[in-house]
Each structure stands twice: as structure tokens, then as C-alpha cells.
Amino acid sequence: MMENIFSDGSIALRPTVIEVDLSALRYNLARIRERVGDARIMATVKANAYGHGLVRTAKELLRSGADELGVAFLEEGIALRRAGVTAPILVLGGIIGNQITHFLEYDLQITASSVFKLRQIDETAAAMGRRARVHIKIDTGMGRIGIRHENATRLFEATGEAKHVDLCGVYSHFASSHDPDTRVTEQQLKRFIEALEYFPANGLPMPMRHIANSGAILQHPDAILDMVRPGIMCYGVYPGPKVEKTVPLRPVLSMKTRVVFFKVVLAGAAIGYDHTWTAPEDTRVVTLPVGYGDGYARSLSNRASVLINGRRYPVVGRISMDQCMVDIGSDSAYNGDEVVLIGRQGEESITVEELADYCGTIPYEILTMINTRVPRKYCVPAVHGS
Ligand SMILES: *Cc1c(COP(=O)(O)O)cnc(C)c1O
């Protein structure tokens with residue numbers, strides 16, 4: 001009997017797995033390093049490292065040349081610290097006052113997006129007898145969090161007055177750096193650079209400046225500055241369908257399962273919930289033990305293809321929570337045959353970009369939708385040489 005033993009020691013008897021190709025991850029980081037030169041790299045590992053598994057992926061990114069990590073939420077930062085990660089970690093999301101003690105306890109860098117929050121951070125640090133590490137977030141046009149760029153000076157001054165705060169960086173975020181139309185990005189970059197003039201104008205050292213996400217790393221080398229924050233490109237996926245592919249990347253994640261059932265469906269018979277597909281002629285259909293409860297979206301029903309024996313076959317009928325069906329025509333497939341939902345098999349491949357198109361969404365959502373009930377299996381790079 002086949003057994004898959006995973007890095008956390010668990011034995012997955014279920015044939016559905018996410019395979020994470022760590023050599024592809026290393027390749028991508030090396031290409032990003034070539035692109036950004038001496039700039040620091042903060043690898044973004046929010047949302048379970050874009051579905052790749054938070055801790056193992058984060059550790060591998062650090063081994064591959066990332067200097068720091070970015071997460072969305074406090075809990076993600078705490079999980080990394082508890083797993084022994086010692087690199088700087090910035091929590092990119094907004095904070096609620098009572099979280100600050102935990103930030104300080106776990107040595108997580110805090111995003112300060114208003115004067116009020118900065119004062120809260122300073123007071124909490126004072127009460128705990130600690131120093132808080134803070135990055136100031138400027139809103140240059142994303143409209144999410146951050147002090148508006150026209151008012152940034154107020155927050156810089158407040159930071160200068162705060163006695164228990166170390167300013168580790170100043171940052172902003174692009175709304176559409178992956179877009180072929182570069183105007184919004186150029187305007188945001190200009191606003192960011194202008195706000196930062198405060199420091200030299202007041203005889204103060206320039207803090208670490210960072211604004212570039214994957215789209216900007218690919219299309220706006222002038223936005224690389226002191227640090228970059230690549231997310232999706234670390235995982236070998238481009239941030240938009242029309243982005244310039246100035247950095248070669250390899251997809252890191254594959255999603256695989258195995259055939260669990262084979263049958264012949266007679267012409268005119270309908271299958272699946274709501275009978276959305278009817279066999280046009282007698283055909284062979286296999287069932288897979290994977291569904292939208294795993295993150296294989298229901299909106300892929302009657303649209304997506306899978307790979308079996310190196311060939312593409314359509315997913316037919318509604319994808320259920322835990323199962324779906326594939327029409328293999330007059331070909332053969334056997335129980336236990338490997339099925340690729342995302343990734344490569346022989347000469348064929350299915351990308352997250354392709355699935356995103358079918359669902360009317362972006363690759364980010366396809367990756368982060370993959371449920372934690374699907375075990376992650378890490379393929380360690382082969383050792384080359386004798
Ligand atoms: C998610 C995120 C990133 C990374 O974005 P990608 O498009 O995946 O490169 C960088 N910075 C911030 C603030 C983010 O929220």
C-alpha cells in the first residue's frame with residue numbers, strides 16, 4: 001500500500017496533495033535577486049504563503065536569499081516565531097490597539113498608519129519597557145491603509161517624538177503596478193518620493209524605503225529602492241495577464257490526485273448535481289476525490305481540464321464539495337492513476353493563470369483558496385553531482 005509521509009510527520013492516506021517544488025522556489029528567488037541587485041528582499045508569505053504552507057515555505061525563502069518576511073496578520077507572524085523563524089517580520093495589515101503587546105512580545109514589526117496608532121504603540125512600548133519596531137505606511141493612492149501622502153509629515157514628526165519607537169522603514173503599496181498602463185504607478189511613486197523628502201530636508205537619515213510588489217519589480221525598476229516585497233512572483237506566477245515578463249519564473253505549486261472510480265456513462269445520461277452535463281454519446285468517466293471543499297472551485301465545473309497520462313480531459317458536471325468527474329472519452333484510465341489539476345504531466349501543463357481565467361478571478365485567489373485539508377508535500381531539490 002502507498003503511504004505519503006509529510007514533513008509534519010502525518011501520514012496522508014488521501015491521494016490529493018499539493019506538491020511544492022522547492023527548487024523552483026530557489027530558482028525564482030535567484031532571478032528576483034538578479035533583478036533587484038543590492039535591495040533587500042522581503043518575501044511576502046501571507047495567506048499560508050499564497051497556499052504553499054506558511055512555515056516551511058517561509059524558511060525555504062529565507063534560505064534562498066530573502067532577507068525579511070511580510071505577513072498580513074499578527075497570528076501569521078506569531079506562527080513563524082513559534083516555528084523558530086528569527087528573521088525580521090513585518091505585519092503589513094492594520095492593527096487594533098490591544099494587539100500591540102503581542103507584537104512586542106514576539107518581536108514583530110508593526111505598520112503605523114496614523115498618528116493615533118503610533119502614539120498607542122509608543123505608550124504600550126513604554127509600559128512594557130520595550131522598544132517597538134515600526135514601519136510607517138503612506139497611502140499614495142491605494143486607498144486601503146496608511147496616512148495620506150499629503151499628511152505624511154505629521155506622522156514622521158510624531159515618530160521623531162516617540163521615545164520608544166525605532167523607525168525601521170517607510171512604505172507604500174501600488175494599486176496597479178502589474179498593468180500595462182503605467183500612469184497610476186508613476187503617480188504613486190512620485191508621491192512616495194516627494195513625501196520622503198521630509199527626511200533630508202530636516203537633516204534626518206533616510207529610513208529604509210519600500211514600495212515594489214511583484215508588478216513593480218517586473219515593470220518599474222525605478223521603484224526597487226531599498227527593499228522590495230515580492231509575493232506572487234516568488235511562487236512562479238505573474239501578477240497579471242499582460243505584465244512584462246522581465247524576470248523568468250517557474251511555477252512552484254502542483255495539485256494532484258488519483259482516479260478513484262471508473263464507469264461508462266451512456267449517451268443521454270446526465271451526471272452530477274443539477275445534471276448540468278449530459279453525455280453526448282457513450283463515454284468513459286472517472287471520478288476524482290477532490291472538490292470545492294479542497295479549493296478546487298465549483299465555478300470550474302464544465303470548464304477546467306485535468307491531465308491524466310499526459311493528456312487533457314474536461315471536468316464534466318458540477319464539481320461537488322469532495323468529488324468531481326472527468327470525461328476521458330474512449331481512452332482508458334485506472335483506479336490509482338495520477339491526475340494533475342495544477343501543474344505539469346508529460347508535455348502538458350495546467351497553470352493557475354488558466355484556472356483563474358475560467359473562474360473569472362486572478363491567480364492569487366486560485367492559490368489562496370486551496371484548503372488546508374489538502375496536505376502539502378515539499379519536494380526537496382535533488383543533490384547534483386557524484
Ligand atoms: C501582498 C502584498 C505584497 C506582495 O504583492 P504581490 O503582488 O504578490 O507581489 C506586497 N506588499 C503588500 C503591502 C502586500 O499586501
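I started with A47, which counts as partly exposed at 37% relative accessibility. My note on the terms: buried is under 20% relative accessible area, exposed is over 50%, and partly exposed is in between (1.4 Å probe, protein chains only).

This is a predicted model, where local features need pLDDT of at least 70, side-chain atom pairs count only at pLDDT 80 or more, and totals for chains, interfaces and linings use all residues. Residues are numbered from 1 along each chain as its sequence is written, and side-chain values use heavy atoms, with hydrogens and water left out.

I looked up the backbone of A47 next: phi is positive, about 50 degrees, although A47 is not a glycine. A47 sits in helix α2 (residues 46-50); helices are DSSP runs of H or I, at least four residues, numbered from the N terminus.

Is A49 buried or exposed? A49 is buried, with a relative accessible area of 0%. A49 also lies in helix α2, and its phi is positive too, near 50 degrees.

Then I went to the largest nonpolar core, which has 110 residues. Such a core is a set of buried Ala, Val, Leu, Ile, Met, Phe, Trp, Tyr and Cys residues joined through side-chain atoms within 4.5 Å. V45, L288 and Y296 have the most contacts inside it. Helix α1 (residues 22-36) gives the most to this core, six residues. Domain 1 (22-235) and domain 2 (253-350) both give residues to this core, so it lies between them; the bounds come from an automatic or database domain assignment.

I also noted another core apart from that one, of seven residues, including V265 and W277.

Key:
Helix = DSSP H or I, 4+ residues; strand = E, 2+ residues; numbered from the N terminus.
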